[in-house]
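I opened my notebook to look a few things up, one entry at a time. Come along and keep the picture beside you.

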Amino acid sequence: MNRKFSTILAMAVATSICGSAFAQQPGETGALGERVEQIDVISMTVSEAADEGLRIFTTPFNKLDGYGDGPINPADTTTPGGRPTLQGNGTLLRVNGLDAQACFECHTLVSNATVPATLGIGGAGGTNSNAMFQPVAMDPGDGDLDGIAGFTGRFINPPFVFGVGGVELVGLEMTADLQTLKQQAIDNPFTTVVLETKGVNFGVIQADGLGNVDTSGVLGIEHDLVVRPFGRKGEFPTTRDFDVGAMQFHFGMQSTESVGVDNDADGDGVVNEITVGELSSLSVFLSTLARPVQARVEGNAVAGEGLFSSMGCADCHIPTLQTDSQLLPLRFPQVATDPWQNVYKYVDLTKKPAGFDPNGNGGVKVPMFSDLKRHDMGPDLAEDFGLATEQQNREFITAKLWGVVDSGPWLHDGRALTISDAILLHGGEAQSARDAFEDLTDAERIAVLDFLRTLQTPKPNQGGGGGVRPHPRLQSAEVTDTGVHTISRRD
Ligand code: HEC
Ligand code: HEC
């Protein structure tokens, strides 16, 4: 195609996007198919609703569904709604969202630690699926020759979404506890109240006699005392909160709960791109996904588990948090500070596929290896995002380590290609634990890695006919007396 023709074509495409030409294409339909409303979800069983959610998670949206943004918004070209497309292709942007057609495109890698790789819906993503969030300056050619390809924005690797139902319930119960403690502070002015819930300390608060609460002593969460387990920065209390933004950022699919009913906020000629019911069914689907599992801790891994705890890893990566209830409340509209308002459905987390173990006290065990708290991880791991403070750029929520052997690459941007790299790149509040790991003997380090390798994703086809086997790279290197490393297979 000659250049002139392609330019004209690009302009034609750009013009047709500005109009609503995509809203009608004889012989073509939106990919979403039959629409699901909240009233439908309310009357569905959990598994029926989860099925709808699965369908939505795997739908490749097209422009008849409302994929994409409308004309650019000259006042704000980076927030979803008015973004340009890359080289005027009319569809994709890639460097600030509009980077995929379906959720599952980035969430497919159940394990790259098996042969063959285990693929499945809800997995993690490799670095080619990284999201680039609101970059304003990119310097891949290193114009200033400082050896750094500058990038002012966020570069984030997709985690898997297995077990999120349990994570969400832990977060909601923590939030409820913290709100109660806040009320306690208001009822007892001038008394310091320690913000501790489920063994995690979120600092202190104190109220004056007028009901004003001093939150300057709050640690690792926002001052509204809402625990936000989702997103690598700990920004979203529920998967629903996350999904509203994901739909908009990745696909330009605007939900009615963010822009209103019958409102074409992005001007792409389509209204009601995602309904309340569709997001509800997506929540049901996500919260019923299977949780990661742990292989038996035996052999070397026993010593590794001890070291994990004695080095201080378990202070942040708390192996198991317990819930008081077995039922996850799904709510609409959601009130962040009151997790029990407007419940439209409960998901029993003990039921398969989620399959959390009851804890004997009416709740479940959530073995996620996190404290759901944000930590300063030091300057080397910090992001360079212009809309965040330097402190915010250094903070991340403690990564959940369940499934860690299967979910590489590791760390928020996927920079760690081995688990050892991930540990050695810890800094800030984790500096002393990191140094303790560095100071271990080879045999001790191997034991820690053997322990971490017991933490696996749920694999539907493992062990069955035609199943998968561990990748040879997951062999333990044993140090012999002569210092020669020999290789023995994992399990
Ligand atoms: C272009 C790749 C990409 C696509 C498409 C994508 N995601 Fe993600 N997903 C990510 C990244 C990157 C993160 C981490 C984001 C962060 O830390 O803020 C993530 C995180 C999540 C999380 C939070 C998990 C956690 O434990 O913190 C959920 C839930 C999720 N995605 C659901 C979805 C849904 C639902 C869709 C479709 C509407 C979707 N994703 C589409 C890349 C993607
Ligand atoms: C101060 C809290 C803290 C301590 C202590 C800590 N970590 Fe972490 N860990 C984190 C945070 C926060 C992240 C996420 C960092 C990021 O994404 O860049 C993380 C990430 C990881 C990851 C990568 C997980 C993934 O999915 O990307 C591994 C592996 C890990 N930690 C292991 C350890 C081990 C082993 C120790 C002890 C030597 C340890 N951590 C000590 C907070 C901590």
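Before my entries, a term: I call two residues in contact if their C-beta atoms, placed from the backbone, lie within 7 Å.

**Ground rules.** This is a predicted model, where local features need pLDDT of at least 70, side-chain atom pairs count only at pLDDT 80 or more, and totals for chains, interfaces and linings use all residues. Residues are numbered from 1 along each chain as its sequence is written, while chains are lettered from A and ligands numbered from 1 in the order in which they are written.

**Lys 373.** I found Lys 373 in the loop between β13 (365-366) and β14 (374-376); helices (H or I, at least four residues) and strands (E, at least two) are DSSP runs, numbered from the N terminus. Is Lys 373 buried or exposed? Lys 373 counts as buried because it has 22 C-beta neighbours inside 10 Å. For that label, 20 or more other C-beta atoms must lie within 10 Å of a residue's own, exposed means 12 or fewer, and partly exposed is in between, with C-beta atoms placed from the backbone. Leaving aside neighbours within four places in sequence, I listed the contacts of Lys 373 as Val 200, Phe 202, Gly 220, Ile 221, Ile 397 and Thr 398.

**A three-stranded sheet.** Next I traced an open sheet with the order β6-β7-β8 and antiparallel pairing; strands pair if DSSP finds at least two bridges between them. Its edge strands, β6 (193-197) and β8 (213-214), each pair on one side only. I saw α4 pack on this sheet and touch β6, β7 and β8. The direction of α4 makes about 165° with that of β6 (axes are lines fitted to C-alpha atoms, for helices over the stretch in contact, and angles run from 0 to 180 degrees between N-to-C directions).

**The core.** A nonpolar core is a set of buried Ala, Val, Leu, Ile, Met, Phe, Trp, Tyr and Cys residues joined through C-beta atoms within 7 Å. The largest one has 93 residues, and Val 170 is among those that touch the most other members. Helix α4 (residues 164-187) gives the most to this core, with eight residues. Beyond four places in sequence, the contacts of Val 170 include Leu 321 and Val 366.

**Two ligands.** Which residues come nearest to ligand 1? Of the 28 around it, I noted Cys 103, Cys 106, Pro 158, Gly 231 and Arg 232 (near means a C-beta atom, placed from the backbone, within 6 Å). Helix α5 gives the most to this shell, with six residues. Around ligand 2 there are 30 residues, and Cys 313, Cys 316, Trp 410, His 412 and Ala 430 come nearest.
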